Amino acid sequence: MGITAEYQSAFASSFQEFFGNAKDIGWELYHLNSEPENDFPSWLTFTIRNPLGGRALVFRYHHLEHKFYAHLKVQVIPGEENWSLDQLFHKKGYTDLDADDILSSGGEWLFHSLARHYFGIIISYCPRILEPDYFLD
């Protein structure tokens, strides 16, 4: 399995384990990656978006730099705000671990470790992070 498929599989299967079927709860899952350079893409992303909520979770791995970023993207007029999930989790006291800790200890199951870490915190402490602020009747 290539790095792109491994990344996508890890986040998709972990999402389903924690939250269930995306279509059943009305969220969209999609992934993007850069054009391959030397047989590997330089970056990979996995996005979870609630079209009604105006928010998305974006997980991005930079293969060449061996860096991982997790963001909450919030749509505001006229643009978008990005919040680092690591900073948000630390500020709220949810965890002492961040992506750098997991990157240094993730081993063979690196992407599964990252996905389970973030989804575990979300399901435990802030499960409504993607829900809309209000519903229109």
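Strands here are DSSP runs of E, at least two residues long, numbered from the N terminus. I noted that first, and also that this is a predicted model.

**Entry: the pocket.** I looked up the largest pocket and got a volume of about 160 Å³. Which residues lie nearest its centre? I found Tyr30, Thr47, Ala56, Lys73 and Glu80 there, out of 15 lining residues. Next I checked which strands take part. At least two lining residues come from each of β1 (28-33), β4 (43-50), β5 (55-62) and β6 (67-75). I saw that β4 gives the largest share, with 5 residues. Sorted by class, the lining splits into 5 nonpolar, 5 polar and 5 charged residues.

**Entry: the helix.** I moved on to α1, which covers residues 3-19. Its 17 residues reach 24 Å from first C-alpha to last, close to the 24 Å expected at 1.5 Å a residue. Which of its residues are buried? I wrote down Ile3, Thr4, Tyr7, Gln8, Ala10, Phe11, Ser14, Phe15 and Phe19. Looking down the axis of α1, I see these buried residues within an arc of 160°, so they line one face of the helix. A reminder to myself: an α-helix has 3.6 residues a turn, so residues three or four places apart point the same way.

**Entry: backbone angles.** Most residues other than glycine have a negative phi. I then turned to His66, in the loop between β5 and β6. Its phi is near 55°, a positive value in a residue other than glycine. Is His66 buried, exposed or partly exposed? Its relative accessibility is 38%, so I put His66 down as partly exposed.

Terms used
Residues are numbered from 1 along each chain as its sequence is written. This is a predicted model: local features need pLDDT of at least 70, side-chain atom pairs count only at pLDDT 80 or more; totals for chains, interfaces and linings use all residues. Side-chain values use heavy atoms; hydrogens and water are left out. On a 1 Å grid over the protein atoms alone, a cavity is a set of points where a 1.4 Å probe fits but cannot get out, and a pocket is an open set with protein on both sides within 12 Å along at least five of seven lines; lining residues have an atom within 4 Å of a point. Grid points are joined across faces, edges and corners, and a volume is the space filled by probe spheres set on the points. Helices (H or I, at least four residues) and strands (E, at least two) are DSSP runs, numbered from the N terminus. Ala, Val, Leu, Ile, Met, Phe, Trp, Tyr, Cys and Pro count as nonpolar, Asp, Glu, Lys and Arg as charged, and the others, Gly among them, as polar. The expected span of a helix is 1.5 Å times one less than its number of residues. Buried means under 20% relative accessible area, exposed over 50%, partly exposed in between (1.4 Å probe, protein chains only). The arc is that of the directions from the helix axis to the C-beta atoms.
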